[in-house]
Amino acid sequence: MFFSAKSKGFFVEQSEHTTLLARTSAPVAPFTIEEVRECPAGDAAALAEAVKALQPKKTPSGYLNACCGIYPASRFVRRASLELKRVKEPGYLAEVLSQQFRIEAEKHTVHVLNATDGTDFDVNRAVQKETLFCGLPADDVTAIQDRLLENTIYPERLELGSVAMLGALSDYLKFTKSKSPTLVLEIGADVTHSFIVSSGGVEASRPIAHGLESMIPVVQKELGLKDEESAKKLFLSNTFDFTGMGPLLIKKLLKELQSSIGFYEVQTGMSVGQIVCTQLPAKLTWLENAIANALGISRLELALVPWLQSRQIIVSDAVISSGFDPRWIGLLGLMIQHNLSDAVAAETKD
C-alpha cells in the first residue's frame, strides 16, 4: 500500500470517552495547529465527518495518515524499581511484570522506559533503577489498528496516549518551573489510572479499580431512580447539577487516592500540591474540582499556548477560540519532540 507525500500533519487521540483530532501545518515542529475537532468515542459518523473536515481532499489511498494516541482499557503504565545487578539476567524484566503487577509478558506488547526522562531502558547500560513498564495485550494492538483503518485512519505512528500525556505534562512542569508534585488522573469507566508527576518525571503510578461506573449506583440511590441505566443517562447528560453530590460520588475513589498520596508523601517528604484530570468527558469536568476540594489541593491551570511556543508550536486563533483545556494535553504530547514521546514512538510495533 502506498501513501502520497503530504505537507500537513495529522494527529488523532482515541480514549474511552472522546476522539480528538488535529491538523498541523507540517508533520513535525515547527508548525501551526490549524484546526482541531472532537467527537464522542464510538460515533463512526461523527468521526467520519471530523476526518473529512480536517482533510477535505482525499488522498489517493483514501486514508488520513496520522500519528495516533490510544487509551485501551487494558493498557498499563507502571513504575517499578529494578535491581540493577539483575537486569541482565534473562527473564528478569518478565519476572518483575509477573510478580509486581501480575502481567504475563508473553501475552503483552511491553516497552520499558527510564522513569525520569522517558528514554529507552537499556539493560546493557542501565544506570538508574526507576523505570516505567508500558504496554497492552498483544491482541489489542491488532484490533486497534484494524479499527482505525475501518475509520479511514492509517496509523503512521501508534503510541500509548498515557505515555505521551505523562511526557508532555512533565515537560510542561519543567517549562513552568513548577516544584509541586502533581496528581494526574485518567478516570475511565471501570478503572482510574493515577500518577504522581513532577518536572523530574513520573514519581508514582497506580491503577484504582473505581471509575465512572462506580458512581452510577450512588446517583441512582440519591435521586431515587428506578434503575442504573436511567441514572447513567442522567449522570452523563449534564442536565442535572451533580456538584453538590460530588463528595458522595467520589468517596470510594477518594479513599484510594488518599492512601496513594499519603504513601508517596511519607516516602519522599514531598507534598502533592495540585491535580489535573486529563480524560474526563467535557460534561464531567466538574469532577476535577470535586476531587481537588476533597483532597485540599489546587487544580493545575494549564497555560498551553506559551508552553507550546517554547516547543516551536503555534496555536491558531481559531483553535484558541474553540477552547483548549487539560483534555488536550495527551494529543499535544504526540506533537512535541521530546525524549518520552520519541522513545515510545514504536512502542506497539516492537
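Rings of Phe, Tyr and Trp (its six-membered ring) pair if their centres lie within 6.5 Å; planes under 30 degrees apart count as stacked, over 60 as edge-to-face and the rest as tilted. By this criterion, ring pairs join Phe-235, Phe-240, Phe-242 and Trp-286 into a cluster.

The model is predicted: local features need pLDDT of at least 70, side-chain atom pairs count only at pLDDT 80 or more, and totals for chains, interfaces and linings use all residues. Residues are numbered from 1 along each chain as its sequence is written, and side-chain values use heavy atoms, with hydrogens and water left out.

**Aromatic pairs**

The structure holds seven aromatic pairs. One of them, Tyr-172 with Trp-307, is edge-to-face, at 5.8 Å centre to centre and 85° between the planes. Tyr-172 belongs to helix H4 (residues 161-175) and Trp-307 to helix H10 (residues 304-310), so this pair ties together parts that are 135 residues apart in sequence. Helices (H or I, at least four residues) and strands (E, at least two) are DSSP runs, numbered from the N terminus. Both Tyr-172 and Trp-307 are buried, where buried means under 20% relative accessible area, exposed over 50% and partly exposed in between (1.4 Å probe, protein chains only).

**The six-stranded sheet**

An open sheet of six strands has the order S8-S4-S1-S2-S3-S14, with mixed pairing. Two strands pair if DSSP finds at least two bridges between them. At the edges are strand S8 (153-160) and strand S14 (313-315), each pairing on one side only. From one strand to the next the twist averages 30°; axes are lines fitted to C-alpha atoms, for helices over the stretch in contact, and angles run from 0 to 180 degrees between N-to-C directions.

Strand S3 (residues 31-40) pairs with S14 in the parallel sense over three bridges, and Phe-31 stands opposite Ile-313 in S14. In the loop between strand S2 (18-24) and S3 sits Pro-30. The peptide bond from Ala-29 to Pro-30 is cis, with omega near 5°.

Helix H3 (residues 138-150) lies across strand S1 (9-14), strand S4 (64-70) and S8, at about 145° to S8. H4 lies across S4 and S8 and runs at about 60° to S8. Contact here means heavy atoms within 4.5 Å.

**The three-stranded sheet**

Three strands form an open sheet in the order S5-S7-S6, with antiparallel pairing. Strand S5 (76-81) and strand S6 (108-114) stand at the edges with a single partner strand each, so one side of each is left without a neighbour in the sheet. The twist averages 25° from one strand to the next. S5 and strand S7 (residues 130-137) run antiparallel and are joined by six bridges; the bridge partner of Arg-78 in S7 is Phe-133. Helix H2 (residues 92-101) packs on the sheet and touches S5, S6 and S7, its direction making about 105° with that of S5.

**A hairpin and a helix pair**

Strand S10 (residues 192-198) and strand S11 (residues 201-208) pair in the antiparallel sense over seven bridges. A hairpin of two residues joins S10 to S11, and His-193 stands opposite Pro-207 in S11.

The axes of helix H5 (residues 216-223) and helix H6 (residues 228-237) come within 8 Å and cross at roughly 100°. That makes H5 roughly perpendicular to H6; angles under 35 degrees count as roughly parallel, over 145 as roughly antiparallel, 65 to 115 as roughly perpendicular and the rest as oblique. From H5, Ile-216, Pro-217, Val-219, Gln-220 and Leu-223 meet Glu-228, Ala-231, Lys-232, Leu-234 and Phe-235 in H6. The residues of this contact divide into seven nonpolar, one polar and two charged. Ala, Val, Leu, Ile, Met, Phe, Trp, Tyr, Cys and Pro count as nonpolar, Asp, Glu, Lys and Arg as charged, and the others, Gly among them, as polar.

**Backbone and exposure**

Most residues other than glycine have a negative phi, and most peptide bonds are trans.

Pro-247, in helix H7 (residues 246-249), is exposed, with a relative accessible area of 57%. The C-alpha atoms of Pro-247 and Ala-294 are separated by 7.0 Å, the two residues being 47 residues apart along the chain.
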